2 protein chains.
Amino acid sequence: MKSKNTMPLPVIPQPVRAEELPGQSNAEVITAGNADPALGTEGYELHITPTSVTLHANAPAGFFYGQQTLRQLRAADGSLPCCRIWDKPRFGWRGLMVDVARHFFTKDEIKHFLDVMAAHKLNVFHWHLVDDQGWRIEIKRYPKLTELAAWRNSIGFGLDPGASRNYRADGRYGGFYTQAEIREIVAHAASQHITIVPEIEMPGHSSAALTAHGELTCSGNPCTTNQDGGIFHGIFCAGKEAPFEFLQNILTEVIELFPGQYIHIGGDEVPKDNWKKCPHCQQRMRNEGLQNEEELQSYFIRRVEKFINAQGRRLIGWDEILEGGLAPNATVMSWRGVAGGIAAATAGHDVVMTPFTHCYFDFYQGKVGQPKAIGGYIPLEKVYEFEPVVPEIPAEKTHHVLGGGANLWTEYMPNYGHLQYMTYPRACALAEVLWSPKESRDFAGFQTRLARHTKLLDALGVKYARTLD
Amino acid sequence: MKSKNTMPLPVIPQPVRAEELPGQSNAEVITAGNADPALGTEGYELHITPTSVTLHANAPAGFFYGQQTLRQLRAADGSLPCCRIWDKPRFGWRGLMVDVARHFFTKDEIKHFLDVMAAHKLNVFHWHLVDDQGWRIEIKRYPKLTELAAWRNSIGFGLDPGASRNYRADGRYGGFYTQAEIREIVAHAASQHITIVPEIEMPGHSSAALTAHGELTCSGNPCTTNQDGGIFHGIFCAGKEAPFEFLQNILTEVIELFPGQYIHIGGDEVPKDNWKKCPHCQQRMRNEGLQNEEELQSYFIRRVEKFINAQGRRLIGWDEILEGGLAPNATVMSWRGVAGGIAAATAGHDVVMTPFTHCYFDFYQGKVGQPKAIGGYIPLEKVYEFEPVVPEIPAEKTHHVLGGGANLWTEYMPNYGHLQYMTYPRACALAEVLWSPKESRDFAGFQTRLARHTKLLDALGVKYARTLD
């Protein structure tokens, strides 16, 4: 069952099966009931006739996605074409990551971002809450994190100060979410059938936390929230006990705020120099029989995983957590290409694919006529070519690929308009890669549908990018 | 008579008088007849009731502009609000200049550009057809101009070659309009009530012409079409007779192609070094009693003006033509601020205001999140503050201010999407400045109308800029 029409139904991501029928529907009422069990919890069946709209699904998520399809059909044409659709997602993890540390986005901006994700049937919001440049989540036990570590002297990154409104009365740049705001966002995400995966970076990319709590570094000297990008030496000491207590106390509050299964602990880009020079770390290595600092990092992550598992949650981290030995139950987010994902899946670990080759939405999306970006080049077509299940993963292990996502590192996205510009329409392509059957992929057809889909983006107030050519 | 509604009618430029009435109109038929003589040839009266749409005007231009208003009303709402409008323009010259030398735009792109201008009631398309980087108009008598001078080795300006498709089979960048294409564009402009003012640069910014006809330089050595920006020494010799014959022959063909009153001869940014060293030029100065090279440039322009006037046309040039003494009937386009316009109007010459402070649309329109531009900063609000009639012009001379325009120098606009991005929405603000009464200017109201007007821009396929904040 394929569309008989040369103009495919304007739905992104495209449904598994869709048949356009003659006529338009005037029906207002949606009747709904149980559906084909093969549709699972997220799938739906939709049948539109001139006088009726019938939506079947097995669970609230399926009804929600059927309604998103209806909304797209209506937005594209201003009317509802008669059709029959049977639809379910290819992957269960369909994600976008937003870095709110390099630049801060308000509660209402995050809620709008979630709304637009949901309209594309994306269901995982990976929230990069802390980094060297700022700490963005209120922790009741450690108020200095938001009093001090949420702020830096300037917007940074060589940007015009006027690019943002997120300044404190004293002129410092930054911001944070109170726990009440986080609960509001989590509830809003749930209403949009989106799970939030909070990320608390450790042991590196921690300059902000270590600005407020300098006693947790190897030397005991505090850091300063960074105003530029890079890999810094703001890392937790792995020899002292205090950093583990501190992080466990933080994770306790984080776990209470976020009901989802996964807690992301970062784990990427940890320079080991501090640890090599630190008597506490070297003592820990001798005590634990660790051969090198990679194994010390592995010790760090395993210990944190033990704590997270004890709370009934699962740990996920960037692919560097493979180095020195992967924690026993960890899920790997593969960003340095797909090699980490292949290694982890082959070893029987779950993986989420976010390779920088296809999924780094901080890279340029056009060769000319684009605002300054961090580098790279990932046009829409490249995103559309993204394939999370690579042939190097043995067939019997491919079920470990939960899905994929794109990452919005915000060094050069100082405001929400810019974040949207870098996200869309590339996230439309990503949504189709992660939802629709691999065999139905067709970039020309996608572009045809996208040309009509922009009406919905306009209606949602999305400042999507247009190629200037 | 002002709008009673808090939401003003979504018309840009806003009408002189507009009253919103209760209800929507379902009327399809437009009846039209003669109007208030005070409306002149471009004004119109529009009366929309639930059952009728009545448009009155004195001339085709007025009917055309009334229809543009109807189109805007329909596009913004999808329905037609009842209203009564009385409208006419403040200035007769409402222009946009496009430089097709630095980068080339195709015939169809120029026609689309004209369509969008007309939708904003802009009526002068100033076509910068030649410059150091390329000669873009077929001249039957001098085929080398398009065989050689229309092409350069690369796209230039440090841009990615992929930014354009305007390459010849041998890989050279450029292009030109045949005379048949120019006639088609001129006819299309006429259908949109737009006059085209062709610009043939002289005596400077002429490296392209002098690539093909090197014998017309002071030294007799040819130039090379430039691949970067700047002020070059590709200037015609003012001492030899051949350059005058050459330019007169070109102007003869230009005048035959373009029926409008004005011929633009450039005249800006002429470095005088060549002339100072040239025995032909020095001999000319002695023969004509010219004190310095500025007077030699004035001699050059006056001589060309004499030829243009003899063909029944008027000469217009950039404000440098004031230096060394203005040609007797010349109109001045004031770009280096408004000083040239003040001097010319005070001396009784007509002027068109295009100051780089408000009207250079090659400048940045936002402080961040913008593609690379040549420099400067002219946001939408700044354009809206543009006032062509400055207080330094004596009241009895203000009628010499014909109007104004904005200039799109295309060094960093390698393709049509980018040209549109730099033009809109700033040209919406320009249109309102040049059409609507000065006393009705209201930037907040303009922004409100613009938010609805973008529906028409979308429908017209305009890649307008959106501020990323």
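Visitor: In which loop is His193(A) found?

Guide: Please bear in mind that this is a predicted model. His193(A) is found in the loop of chain A between helix H4 (179–191) and E12. The phi angle of His193(A) is positive, about 60°, although His193(A) is not a glycine.

Visitor: Where does Pro203(A) lie, and what is the peptide bond from Met202(A) to Pro203(A), cis or trans?

Guide: Pro203(A) belongs to the loop of chain A between strand E12 (195–202) and helix H5 (209–212). The bond that leads from Met202(A) to Pro203(A) is cis, and its omega is near -15°. In chain B, Met202(B) and Pro203(B) are likewise joined by a cis peptide bond, with omega about -15°. Pro203(B) is in the loop between strand E12 (195–202) and helix H5 (207–212) of chain B.

Visitor: How is a pair of packed helices described?

Guide: One gives the angle between the two axes and the distance between them. Let us apply this to chain A. The axes of helix H2 (residues 107–119) of chain A and H4(A) come within 10 Å and cross at roughly 15°. Angles under 35 degrees count as roughly parallel, and therefore H2(A) is roughly parallel to H4(A). The crossing of these two helices, H2(A) and H4(A), is right-handed.

Visitor: Which residues of H2(A) meet H4(A)?

Guide: From H2(A) come Lys107(A), Ile110(A), Lys111(A) and Leu114(A). They meet Glu181(A), Glu184(A), Ile185(A), His188(A) and Ala189(A) in H4(A). Sorted by class, this contact of H2(A) with H4(A) has four nonpolar, one polar and four charged residues.

Visitor: At what angle do the axes of H2 and H4 of chain B cross?

Guide: The axes of helix H2 (residues 107–119) and helix H4 (residues 179–191) of chain B cross at roughly 15° and come within 10 Å. H2(B) is therefore roughly parallel to H4(B). H2(B) passes H4(B) in a right-handed crossing. Among the residues that meet there are Ile110(B) and Leu114(B) in H2(B), and Ile185(B) and Ala189(B) in H4(B).

Visitor: Into which domains is chain A divided?

Guide: Chain A has domain 1 (17–87) and domain 2 (93–441). Their C-alpha centres lie 36 Å apart. Five residues from domain 1 of chain A and four residues from domain 2 of chain A take part in the contact. On the side of domain 1 of chain A that touches domain 2, there are three nonpolar, one polar and one charged residues.

Visitor: How are two copies of a chain related?

Guide: The relation is a rotation about an axis together with a shift along that axis.

Terms used: Residues are numbered from 1 along each chain as its sequence is written. Chains are lettered from A and ligands numbered from 1 in the order in which they are written. This is a predicted model: local features need pLDDT of at least 70, side-chain atom pairs count only at pLDDT 80 or more; totals for chains, interfaces and linings use all residues. Axes are lines fitted to C-alpha atoms, for helices over the stretch in contact, and angles run from 0 to 180 degrees between N-to-C directions. Helices (H or I, at least four residues) and strands (E, at least two) are DSSP runs, numbered from the N terminus. Angles under 35 degrees count as roughly parallel, over 145 as roughly antiparallel, 65 to 115 as roughly perpendicular and the rest as oblique. A crossing is left-handed if the near helix is turned anticlockwise from the far one by less than a right angle, and right-handed if clockwise. Two residues are in contact if their C-beta atoms, placed from the backbone, lie within 7 Å. Domain bounds come from an automatic or database domain assignment. Ala, Val, Leu, Ile, Met, Phe, Trp, Tyr, Cys and Pro count as nonpolar, Asp, Glu, Lys and Arg as charged, and the others, Gly among them, as polar.
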